[in-house]
Amino acid sequence: MAWQYSEKTKQLFMDAVHGKPGTHMGEIEDPDGLGEHGSIACGDALRFSFRVERDESDPKKDVITEARYLTFGCTSAIAASEALCALIEQGRHTPLDALKISNQDIVDYLDGLPEQKIHCSVMGAEALEAAVLDWAQKRGLDPREFGIEVHSEAEEEGRIVCTCFSLSAPYLKRKIHELGLKTIPEITNAIKAGGGCHTCHHAPGGLQDLLNEVWGTSGGQAAGEPSATGEGEKAEPLSPYQFSKKVESVMEEYIRPMLQRDGGDVEIVDIKDTLVYCSLKGACVDCVGATQTLKALVEKTLKEMVDERITVIRL
Amino acid sequence: MDTVYADNNATTQVAPEVFEAMVPFLKQDYFNPSSMYEAARGAGDAVARAREEIAGHIGAAHPKEVLFTSCATESNNTAIAGVAKANPGRRHIVTTKVEHPAVLEVAKDFKRNGYEVTFLPVDGDGNLDVRTFVRAIRPETLLVTIMHANNETGVIFPIEQLSRLTKETDPSIVFHTDATQTVSKLPIDLAGEYRHVDLLSFSGHKLHAPKGIGALFIRRGTRCRPFMIGGHQEAGRRAGTENVAFIVGLAKALALAAESHDADEARIKKMRDRLEKTLGDTIPYVQVNGKGAPRLPNTSNVSCDYIEGESMLFLMSDRGICASSGSACTSGSLEPSHVLRALNIPFTAVHGSVRFSLSRYNTDADIDRIVDVFPGIVANLRKLSPYWDNKSNAPRPDAIELARQSS
């Protein structure tokens, strides 16, 4: 399909590429704030830097006078970077004010972006936030004082949900909330999560579960079923029959589809108390990580969704 | 500004002679070739003649071995699903990781439905390892489906050898090849070196016939059930009224290609080689993907490190040049090309890939324009790249390591 960019997007991109005066390509030496987002592996990356006019009495009154970017990415990624810098410079913003510039402001400045390119504007907003945090650090300010959350540590430690783009559960939940994302395609368009192998869409603790968690819904297909998050409450103990049925249903709905995607499969051979005997099939048989798979995927999922005491035994 | 069309692996312009040959069957000879009355004889004869000619071009022993479809995707679906339907006892398929989605996605669908599928890997140049291929064949193997040449890199697989090995292992295994990129470009003799190939797919619009016409060669005796079910057309093997005008167009296009094949090929290869040489000489950190493998003479897939393909395409488009890229941003999903990733080349090279594909309608002036415009586009985008150091006009030291990380 041909490009569906707005005239503004195309113009900003062309101006940037041809280094027209007034564009913001480049990097500030010894910047007051420097932030990066994205990576070469993901297909786009942005390095954003700004300089401030310092207010000697109160760092919070520093004013951003210059903003620059270097971007590896598509037409809209470069145009969005240009838009970000223009928005910041035109307002004589303090760094804290600049944080109020959202990805939606960037989209508006560009007269809209195609849906699947929304993530380009989010990248701009993310890099800006990183740069402001950098500035705050350099100026000896604690960003939490003025209500800015510092996410980076939590994000690094969080469970990775989207392995293709290395995005963690805490980060995803925050973004789902901040950007008002209601569906998996919306998440993918905005922050790319789930846009690669799609494995995380309906996996336990995956994107659908995160959506349910953030918006407090139970999701269409699993209505009435106890979700993975319900483990906090003490449920009635299951009878052996119920237990086996539940193991089997989790196996069918979650585990086998995941393994089958990679050419493998798993079969339950027997269940004795909380010992689940499994035989791996298909590609899993020859896989050097097969035992690892059983522990990390099969056992972990069964523990989370059925019973903490489950042990998986490979035949 | 004239358009420089260098995306002929995506589609080609319809040859004027092909168009002319088709017109009568859109005007006065509009009849249904299956109809009994005298007036429909022209349409019926035209289809029969086209079938004979096309069979001749690919070395098929009997015209009836050529089935007309709507496109190569339909041919591929018919081949795979038809063979599976006819041989329910076998449930293993061998294919490669670099197939066109019209095969790859079908194979994945079979896998979801309980079939076992081996997706063979390729090396850094895009070559298959024949030993790995042989080991992949099993007693329960139903079908081998391997493309003749890759649409993205132009890398050619040794179909003669692979089909022979398949049949020598077990004659009951059906061998299919998607030859969409090679029919009219490479000599294919289904009675000679390619005699072990049971099924072969191709389409018209890659060889200067229009979109909407495809063909599937089915060797006599091959166990294959129909995919499109309905009327008795195509001897009951593919239902649906024959697309007479387009069938005539396909035959004409193949005739034209055969007429000037050798001269065209030499000229196209010369243009392609000059393009690659000049880009290599004028752009630092550029590589040709699949360079070490046998390749189609019309295809050049180049990767420029540290910049992204979609923005290159956009700037080329602005200068009237049409090409394509394996970059994630052009894929419609967020995934970069599965073909280039299968070559295990670095991320940056995948994202920075551009494919030029030529046809006999390209001229030296087209190549002049590309080599004139493209290096400037690369330089401009690198100025913007966080991985490029403008002072030294080289990658940043920390980016070199990044660029080596393979996908």
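**A covered strand and its neighbours**

Let us begin with strand β2 of chain A, residues 44-53, which is mostly covered, with eight of its ten residues buried. Please bear in mind that this is a predicted model.

Which strands pair with β2(A)? One is strand β1 of chain A, residues 33-39, which runs antiparallel to β2(A) and is joined to it over seven bridges. Within this pairing, Gly33(A) has Phe50(A) of β2(A) as its bridge partner. The hairpin formed by β1(A) and β2(A) has four residues between the strands, and there Gly43(A) adopts a positive phi near 100 degrees.

Strand β3 of chain A, residues 63-72, also pairs with β2(A) in the antiparallel sense, over nine bridges. Here Ala45(A) is placed opposite Phe72(A) of β3(A).

I turn now to chain B. Its mean pLDDT is 94, and 97% of its residues reach 70 or more. Chain B is divided into domain 1, residues 16-259, and domain 2, residues 261-404. To the contact between them, domain 1 of chain B gives 19 residues and domain 2 of chain B gives 22 residues. On the domain 1 side, these residues comprise eight nonpolar, seven polar and four charged.

Finally, how do the two chains meet? Their contact involves 26 residues of chain A and 30 residues of chain B. Among the elements of chain B that each supply at least two residues to its side are α4 (101-112) and α12 (364-384). That side of chain B holds 15 nonpolar, eight polar and seven charged residues. For the complex, the predictor gives an ipTM of 0.70 and a pTM of 0.74.

Conventions
Residues are numbered from 1 along each chain as its sequence is written. Chains are lettered from A and ligands numbered from 1 in the order in which they are written. This is a predicted model: local features need pLDDT of at least 70, side-chain atom pairs count only at pLDDT 80 or more; totals for chains, interfaces and linings use all residues. Two residues are in contact if their C-beta atoms, placed from the backbone, lie within 7 Å. Ala, Val, Leu, Ile, Met, Phe, Trp, Tyr, Cys and Pro count as nonpolar, Asp, Glu, Lys and Arg as charged, and the others, Gly among them, as polar. pLDDT is the predictor's confidence in each residue, from 0 to 100. Domain bounds come from an automatic or database domain assignment. A residue is buried if 20 or more other C-beta atoms lie within 10 Å of its own, exposed if 12 or fewer, and partly exposed in between; C-beta atoms are placed from the backbone. Two strands pair if DSSP finds at least two bridges between them.
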